[in-house]
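Hi everyone, thanks for coming. Today I'd like to walk you through one protein model, step by step, and please have the picture open while I talk.

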Amino acid sequence: MKEGLIVKSNQLIEARYKLNLNEQKIILYAVSKIDKSKEDFNIIEIDVKDFFSLLHTSTERYTELREIVRVLRGKEVIINTVEGEIISGWLSSIEYKKDKGIIELEFSKKLIPYLLQLKKKFTRYKLENILYLKNKYSIRLYELLKQYENISKRTFTINELKEVLMIDSSSYKRFANLEQRILQPTLKEINELTDIRVNYEKIKKGRRIDKLLYSIQSKEVFEKQYLLHLKENFNTEDIKRLSGLEGENFNPKQIIELYEIAVAKTDTDEYVDVFEYIKLNYKNMIEHNRARNKFSYLKKALNEDYAAARGQIKLFNLVENKKAF
């Protein structure tokens, strides 16, 4: 299921619609199962067990999924066209097969030009990139930015971003609230859980923040550039020493892998030092765990931040910064 490929017309990515997190995941799961070589939509089968596995729960809640897709059938998608706009439902029909634990979905035929036999102006990505996102805006923003990956940047006015994310224009009038509730959480999720790395620059008009300039880079390209940076600026013995790993028999490749994980986990944290992040999680591992495979355990510790290192380092640095003033 995780290997499914999602292919969507850029017009559909730019479309306006308001779906919650589970509704988006159902649609994208169904899109990943479309036979894209056909001229018409095939019937998509959703296995209830598989879908709730996708949502990280072992409970098979057939009735709940039935209600979700029933509500979903009434949701609109608005697509801008040269002539005007198309207003369509996502689904034309639903069939329930409770005895088999299956729900069948059929997409609206109005969506055929935007999901089948696409030759140009489309975006593709693996289903796994949205599986673990927990913020409904993260999925939408991921697609909007993934579309511009080859260009490496995309600019939104604040009003444009609200419109495409279907956020009421009267909401989040203060930019600080928008940033705290939507921009930073989505940035963190996209950077940690998808195949792209993004950041944004605030552009002012007078004293007011008017636009956001997003930078977009594939993680594969980033990692190549980052490894080059490491070779030019550090050797693995330096990293071992600065991270407090001198006593471990980790090979150079393992040291680089640990360092890359730490960088990815601290990239959006203003006050977190990468080496200190590794050091605190390593110290926590030594004090609380006698893992036979220290490398594998430390990788997991860094990914999960077992030592709550980010919070410790941030607090320390904030205190030191205050002292400096």
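Predicted model: local features only at pLDDT ≥ 70, side-chain atom pairs only at ≥ 80, totals over all residues.

The protein has 325 residues, and buried residues make up 44% of them. Now consider the contacts with a separation of 6 or more: 64% of these are accounted for by residues 24 or more positions apart.

Next, the salt bridges. The count for this model comes to 16. Let me show you a few.

Have a look at Glu 85 and Arg 16, whose side chains meet in a salt bridge with an N to O distance of 3.1 Å. Where do these partners sit? Glu 85 is in strand 5, residues 85–89, and Arg 16 is in strand 2, residues 16–17. That is 69 residues apart, and the pair links distant parts of the chain. Is Glu 85 buried, exposed or partly exposed? Its relative accessibility is 44%, so Glu 85 counts as partly exposed, since that class lies between 20% and 50%.

The third pair is a local one. Asp 238 and Arg 241 meet in a salt bridge of 3.4 Å, N to O. Both lie in helix 11, residues 236–243, and they are three residues apart, which is about one turn of the helix. Asp 238 has 23% relative accessibility and counts as partly exposed; Arg 241, at 46%, counts as partly exposed as well.

Salt bridges can also be joined up, and you can find an example here: Lys 146, Glu 149 and Asp 195 are linked in a network.

Now please find helix 7 and helix 9. Two packed helices are described by the angle between their axes and the distance between the axes. Helix 7 covers residues 136–146 and helix 9 covers residues 175–193; their axes come within 9 Å and cross at roughly 70°. That makes helix 7 roughly perpendicular to helix 9, because angles from 65 to 115 degrees fall in that class. The crossing of helix 7 and helix 9 is right-handed.

Which residues meet there? From helix 7 we have Tyr 137, Ser 138, Leu 141 and Tyr 142, and from helix 9 we have Ile 182, Pro 185, Thr 186, Glu 189 and Ile 190. By class, this contact has six nonpolar, two polar and one charged residues.

Finally, back to helix 11, where we also find Thr 236. Why does Thr 236 count as buried? Its relative accessibility is 18%, and buried means under 20%. Leaving aside neighbours within four places in sequence, Thr 236 is in contact with Pro 252, Ile 255 and Ile 256.

Key. Residues numbered from 1 in each chain as written. Heavy atoms only, no water. Salt bridge = Lys/Arg side-chain N within 4 Å of Asp/Glu carboxyl O. Helix = DSSP H or I, 4+ residues; strand = E, 2+ residues; numbered from the N terminus. Buried < 20%, exposed > 50% of the residue type's maximum accessible area, 1.4 Å probe, protein only. Axes fitted to C-alpha atoms, helices over the stretch in contact; angles between N-to-C directions. Parallel < 35°, antiparallel > 145°, perpendicular 65-115°, else oblique. Left-handed = near helix turned anticlockwise from the far one by under 90°. Contact = heavy atoms within 4.5 Å. Nonpolar A, V, L, I, M, F, W, Y, C, P; charged D, E, K, R; others polar.
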